[in-house]
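Please look over the sequence and the structure below before reading on. The report then takes the fold, the core, the aromatic rings and a few backbone details in turn.

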Amino acid sequence: MRKLTVVLMIFVLFLSACSNETDKKEGKSKDEKSKDEMVQVTIPFRFYDGVSEEQVLEQADKLGISKTTINKEDRLVEYEMTRGTQEEISADLKSNLKSFVEEIEANEDISSIKGIEYNKEYNDYTATVNRELYEADGNAQGYALLGLLLRTLYYHYFNGEDYETYEVKIDVKDEDTNKVFDTVDFPEDGGI
């Protein structure tokens, strides 16, 4: 299970923060931009904890990313790819994000989480939980929500949000009282 989690995290980590400088070119709208136009995606290397540089480069190549640079001084991984490749990977990330929410809701091992609602931008979530079960299990139930937070960040970073300032919020609501008793605000509550 741990090996599968590491493999999934490696895949997701490749698809994080996007700094799309080509969006600023001479007033072109997104619809007018060519799928062949090059875009740059940049993520902090700290997301690759335990992953070798060779693995980062290998996975990027498999995903069709044209150029990968590991900037050791700034601790960043910079990817360059066509807009078409970025859009394909983004669509996969969005689909995986939806599937992950469904998996959390269906997973009997995290039975305290009864449902997850989210806005259409995928940056504001409400997890309805059995509070007693949620709190009795310590942090174990919360790891599912941490996984949701990470996947959400990767999806948005990949689509151009600034990895230093983009905000995601997850409210945890008691199913019996309908009151929010915990909130995770990223990055306000601390970095990853």
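What follows is a report on a predicted model.

## Overall fold

The protein chain contains five helices and seven strands. Taken in sequence order, these elements give the pattern α-β-α-β-β-α-β-β-α-α-β-β.

Of the 192 residues in the protein chain, 42% are buried. The accessible surface amounts to about 11200 Å², and carbon and sulfur atoms hold 44% of that area. Among contacts with a separation of 6 or more, 59% link residues 24 or more positions apart.

## Strand β1 and its surroundings

Strand β1 is mostly covered, with five of its seven residues buried. It pairs with β3 in the antiparallel sense, and seven bridges join the two strands. Within this pairing, Thr 42 stands opposite Glu 78 in β3. In a regular strand, side chains alternate between the two faces of the sheet.

Ser 34 is located in the loop between α1 (2-13) and β1. Its relative accessible area is 36%, so Ser 34 is partly exposed. The C-alpha atoms of Ser 34 and Gly 84 are 8.0 Å apart in space, while the two residues are 50 residues apart in sequence.

## The nonpolar core

The largest nonpolar core has 46 residues, and Tyr 79, Ile 116 and Leu 148 are those with the most contacts inside it. Eight elements are listed as supplying at least two residues each: β1 (38-44), α2 (53-62), β3 (76-82), α3 (83-106), β4 (113-118), β5 (124-129), α5 (140-158) and β6 (168-174). The largest share, ten residues, comes from α5.

Which residues does Ile 116 touch, not counting residues up to four places away in sequence? They are Val 101, Ile 104, Glu 105, Tyr 125, Thr 126, Ala 127, Leu 145 and Leu 148.

Helix α5 also holds Leu 146. This residue counts as partly exposed because its relative accessibility is 37%, and a residue must be under 20% to count as buried. The C-alpha atoms of Leu 146 and Ile 170 are separated by 9.4 Å, and the two residues are 24 residues apart along the chain.

## Aromatic rings

A pair of aromatic rings is described by the distance of the centres and the angle of the planes. The structure holds four aromatic pairs. One of them joins Tyr 118 and Tyr 125, whose ring centres are 5.9 Å apart; the planes are at 50°, so the pair is tilted. A second pair, Tyr 134 and Phe 181, is edge-to-face, with 5.9 Å centre to centre and 75° between the planes. Tyr 134 lies in helix α4 (residues 131-136) and Phe 181 in strand β7 (residues 180-186), so this pair ties together parts that are 47 residues apart in sequence. Tyr 134 counts as buried, at 11% relative accessibility.

Tyr 118 and Tyr 125 also belong to one aromatic cluster together with Tyr 122 and Tyr 155. Elsewhere, a charge meets a ring: the charged end of Arg 151 sits over the ring of Phe 100, 3.8 Å from its centre.

## Backbone details

Most residues other than glycine have a negative phi, and most peptide bonds are trans. Arg 75 has a positive phi of about 55° although it is not a glycine. Its place is the loop between β2 (67-71) and β3, and with 47% relative accessibility Arg 75 counts as partly exposed.

Asn 178 likewise has a positive phi, near 65°, and is a residue other than glycine. It is found in the loop between β6 and β7. Is Asn 178 buried or exposed? Its relative accessibility is 53%, so Asn 178 counts as exposed.

What is the form of the peptide bond from Phe 186 to Pro 187? The bond is cis, with omega near 10°. Pro 187 lies in the segment after β7.

Key. Residues numbered from 1 in each chain as written. Predicted model: local features only at pLDDT ≥ 70, side-chain atom pairs only at ≥ 80, totals over all residues. Heavy atoms only, no water. Phe/Tyr/Trp six-rings, centres within 6.5 Å; stacked < 30°, edge-to-face > 60°. Helix = DSSP H or I, 4+ residues; strand = E, 2+ residues; numbered from the N terminus. Buried < 20%, exposed > 50% of the residue type's maximum accessible area, 1.4 Å probe, protein only. Lys NZ or Arg CZ within 6 Å of the ring centre and 35° of its normal. Core = buried A, V, L, I, M, F, W, Y, C linked by side-chain atoms within 4.5 Å. Contact = heavy atoms within 4.5 Å. Areas by Shrake-Rupley, 256 points an atom, 1.4 Å probe, with all protein chains shown as cover. Pairing = 2+ DSSP bridges.
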